Amino acid sequence: MIAISSFDVQSGKSCFEFRMGIEGEAAAAAARKRSTADLIILRDIIRQMEGLQHNGQPGLNEDFAFHLGVARASHNDYYVSVLQSLKATIFEGMLYARTTSGLKTVEKVAAINEQHRLVLDAIVEQDADAARAAMRGHLLRCRISTNHWHLA
Amino acid sequence: MAIQEESRAAGRHQSLSSVVYNEMRALIMQGKWTPSSRLPSEAELCKQFNVSRPVVRQALAALRDDGLVLSRQGSGSFVQPGVVPTASEPQVQFPPLTSVADLESFLNFREGIEGEAAAIAARRHTEPQLQTLREVAAHLGASSSLAEGDYEFHRAVAAASGNPFYLNSLESLRSHIMFGLGITWTFGAGQGDFQQTVQTHHGALVEAIAARDAGAARDAMRRHLQWERAKLMTGQFPEDGL
């Protein structure tokens, strides 16, 4: 268990749960609606994050950009506006989810990149169910990694 | 999926106490339990949340750890005098409806978000939340317009999810939802047994939530919204979608 003073533990957990629902649906819609331009943007973001992985940088901006990119690829502004409105909370959640376990930053970013790849692959394949499952799975892992926050 | 896995891992006891913890925390943060005031007794809290005493004690211990509550031996628990209530849960800003294309996007979004809220409500609702849901469903339009009663029902489902982000979203989307419901009810009220069908749908959804069947609750919500959407977009009284 780690000490968290500035961040509301329960809001963080609720936020990941909410994101599973919202972003799972956004990813499914993206698989149906994505344009070629969307795919180029998403691939670029993943490549940038993979570059950072080797520098040992956390890449929070790139991480958020990927999620926003998936929402944009749904071509539904309601999904985009949720992520933009919750940006500060999402950043805090990402930061704290990554304080978990004994993994080094490099390993954590590698795991995130692999999970983002699965989401992108499903969107490329236009497989809505797989995209939803991959996004939910990714956010579920983030949420589970917050379990050690809980009051023992 | 997440909740089930988590509550298996943590044990039912802990998941219940975190629900009670959340509700009590919300009462404090929203200023409904004011700073320095005495909390209801453990026995009263057990009754209020319909849980056992160890569950209440665990929730109180968590609130003490957060520095929100003080317990004095023999005289009960108090809200910390220094707590500053904030009603500032993050509010989501949604784009306005400016075209039929926006309306399509909004209705798709609503189906996704409300289906998930219903699934979580099925897993996590408390007895008082279920009671509220039953009452709101039974009294559709009794104290306000039918459209407002319909909105109140959907809001109560989001509230029963126990996740403030779902509730905030439904509240932030109130004017969007009311725009659609206004049209639907204005033209639907006199048509066939429109109101009866809506109430049947709402009732089926409440039963799926009461049965803690997340999949059935999600399906019932989505099909109900698809049915209302068909009514809104075509004006035809659709075949019962459930």
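Within chain A of this predicted model, confidence, expressed as pLDDT (the predictor's confidence in each residue, from 0 to 100), is lowest in helix H5 (residues 87–97), at a mean of 81, and highest in helix H3 (residues 60–73), at 95; helices here are DSSP runs of H or I of at least four residues, numbered from the N terminus. Over residues 1–6 of chain A the pLDDT falls below 50, and this stretch has 13 contacts in the model beyond near neighbours in sequence, a contact being heavy atoms within 4.5 Å. The mean for chain A is 85, with 88% of its residues reaching 70 or more. Chain B likewise averages 85, and 88% of its residues score at least 70, while residues 1–12 of chain B stay under 50 and have 19 contacts beyond four places in sequence. Where pLDDT is low, the predicted coordinates should not be read in detail.

Residues are numbered from 1 along each chain as its sequence is written, and chains are lettered from A and ligands numbered from 1 in the order in which they are written. Local features need pLDDT of at least 70 and side-chain atom pairs count only at 80 or more, whereas totals for chains, interfaces and linings use all residues; side-chain values use heavy atoms, with hydrogens and water left out.

At the interface, 40 residues of chain B are in contact with 28 residues of chain A. The buried area (the accessible area, for a 1.4 Å probe, that two parts lose on being put together, summed over both) is about 2,700 Å², of which carbon and sulfur atoms give 58%. Three salt bridges (a side-chain nitrogen of Lys or Arg within 4 Å of a carboxyl oxygen of Asp or Glu) are found across this interface. Arg136(A) forms a salt bridge with Glu116(B), with the closest N and O atoms 2.9 Å apart. Over all chains the structure holds 19 salt bridges. Arg117(A) forms one with Glu50(A), at 3.2 Å between the closest N and O atoms, and this pair links distant parts of the chain, 67 residues apart, from helix H6 (residues 105–124) to helix H2 (residues 36–55) of chain A.

Note on methods: Helices (H or I, at least four residues) and strands (E, at least two) are DSSP runs, numbered from the N terminus.
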